[in-house]
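Student: I would like to walk through this structure with you, one question at a time. Shall we begin?

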Amino acid sequence: MLVYYALGLVVVLSGVGIIVYLATPRKFKSSNTVANSYDQWTQDGILEFYWGEHIHLGHYGSPPRSKDFLKAKEDFVHEMARWGGLDKLPPGTTLLDVGCGIGGSSRILARDYGFSTTGITISPHQVERGRQLTPDGLDSKFQVDDALAMSFPDNSFDVVWSIEAGPHMPDKARYAQEMMRVLKPGGILVVADWNQRDDRKKPLNAWEKPVMRQLLDQWSHPSFSSIEGFSEQIAETGLVEGEVVTADWTKETLPSWLDSIWQGVVRPNGLIKFGFSGFVKSLREVPTMLLMRLAFGVGLCRFGMFRARKTTRLPQSATNQSSEVVQA
C-alpha cells in the first residue's frame, strides 16, 4: 500500500512541476530579463544550496566516473585552467571572469593560482553575494557590468575567462569582440559554453525544434551558438594570433544534469530550509534539466571549449584580418 502512495505522490508532484514549468517560462526579452532571473535565483538561495558556489556544470573525467557533485564543479575550474594553459602563468596575472555568477571560479583562480581576478555579472545580487563569500585578503573583486559593452579600456587583462555565459548573449559576435578587446596583446581567452549542433550542416528536425525552444525560453537564453560558429566569430574579430582552438567536453560534463536533479533527493533538508514554495521552485527546473540531458545526450547540444591568444600586432582594422579555426 505504501508503494502505491509513494507512486501517487511522485505522479502528483511531477504534475505540479510540469504545470509550474509550462506556466512560468523565463523567455529572454532583454538583458533585464537575465539580470532579474539571476537576482531571483540568488536571493532565494536555492540554487546556491544545491549547486554550491559554482553555477556551472562539473567535470567527471575522461572517461566520466562517479564523483561528488560539488567536487566535480571545482574540478571543472582546474581542468579548464590546465586546458587553457593558465596553470603556467605567474601569480599576479590579471584575469577577467565574464558572467562570474557568485564568484566561485574567480575565488579558486585567485586562491590556488595567485591571480588577481575581477568578476563581472549583470546581476547586482550576484555581485553582492560574491563579495560576501570572498574572504578578506583574497585578490578577487566583483562588479556589475554588461559583457556586451564592458566598462574596461582596451588591453586591460592578461586573461579573459567565461563559463556558460554565451547563451545569455543576444549578440554573440559582440560578445567575442568585447572579450578580445579587453585582453592585453598576447593575452589568453578561454571560454566554456553550452552550444547547439551546427544547424548549417544539419538543420534541426521536427522534434528538436520544440526541445530547443524550451531550452531557450525556460532559462532566459536568446540563442545557442554552435562550436563552429562561435569559433568563427572569435576569429573574425581580427584580434587572434594564429588559431582559435576548440574542444568538445560533452562527455566529461554530461553526468552533471542527472546529478543536479539527484541533489534534491539526497539533500531533503532543502525542503525544510526553503519550505513548500522553495520545493515547487526547485521542482519546476527538473523538466529543463531532463531536456538538457536529452539534448546533450543525443548531440542536439554540445559543450564547447574555446581558446585563443590575442595578437601582439594590433591591426589598424580588425575587420580586415581573420584567423584559422581548428579542433583540438
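Student: How many helices and strands does the chain have?
Tutor: Good place to start, with the model being a predicted one. Of the 328 residues in the chain, 51% are buried. Among contacts between residues at least 6 apart in sequence, 78% join residues at least 24 apart. As for secondary structure, the chain has 12 helices and 8 strands.

Student: Is Asp75 buried or exposed?
Tutor: Asp75 lies in helix α4, and its side chain makes a polar contact of 2.7 Å with the side chain of Lys71. Not counting residues up to four places away in sequence, Asp75 also touches His59 and Lys67. Its relative accessible area is 14%, and the cut-off for burial is under 20%. Asp75 is therefore buried.

Student: Which side chain of opposite charge is nearest to Lys310, and how far away is it?
Tutor: Lys310 sits in the loop between β7 (301–309) and β8 (324–327). This residue is buried but has no salt bridge, and a salt bridge would need a side-chain nitrogen within 4 Å of a carboxyl oxygen. The nearest side chain of opposite charge lies beyond that cut-off, so no bridge is counted: Asp154, 6.5 Å away.

Student: Why is helix α7 described as largely enclosed by the rest of the structure?
Tutor: Let us look at its surroundings, then its count. The buried residues of α7, among them Tyr175, Met179 and Val182, pack against β1 (94–98), β4 (157–163), β5 (183–196), α9 (227–235) and β7. Helix α7 (residues 172–182) is largely enclosed because the number of its 11 residues that are buried is 8.

Student: Which helix gives the most to the lining of the second largest pocket?
Tutor: This pocket has a volume of about 240 Å³ and is lined by 15 residues, with Glu53, His54, Glu74, Ile108 and Arg111 nearest its centre. At least two lining residues come from each of α3 (46–51), α4 (69–83) and α5 (104–113). The helix that gives the most, with 4 residues, is α5.

Student: What is the volume of the largest cavity?
Tutor: The count of cavities of 30 Å³ or more is 2. Trp41, Thr42, Gly45, Leu47, Glu48, Ile55 and Ile102 line the largest cavity, and α2 (31–44) and α3 each supply at least two residues of that lining. Its volume is about 50 Å³.

Student: What separation do the C-alpha atoms of Pro255 and Phe69 have?
Tutor: Pro255 lies in the loop between α10 (250–253) and α11 (256–266) and is partly exposed, with a relative accessible area of 28%. Not counting residues up to four places away in sequence, Pro255 touches Tyr60 and Pro64. Pro255 and Phe69 are 186 residues apart along the chain, and their C-alpha atoms are separated by 9.1 Å.

Note on methods
Residues are numbered from 1 along each chain as its sequence is written. This is a predicted model: local features need pLDDT of at least 70, side-chain atom pairs count only at pLDDT 80 or more; totals for chains, interfaces and linings use all residues. Side-chain values use heavy atoms; hydrogens and water are left out. Buried means under 20% relative accessible area, exposed over 50%, partly exposed in between (1.4 Å probe, protein chains only). Lys and Arg count as positive and Asp and Glu as negative; His and the chain ends are not counted. On a 1 Å grid over the protein atoms alone, a cavity is a set of points where a 1.4 Å probe fits but cannot get out, and a pocket is an open set with protein on both sides within 12 Å along at least five of seven lines; lining residues have an atom within 4 Å of a point. Grid points are joined across faces, edges and corners, and a volume is the space filled by probe spheres set on the points. Contact means heavy atoms within 4.5 Å. A polar contact is a pair of N or O atoms within 3.5 Å; within protein, one must be able to donate a hydrogen and the other to accept it, and residues adjacent in sequence count only if both atoms are side-chain atoms.
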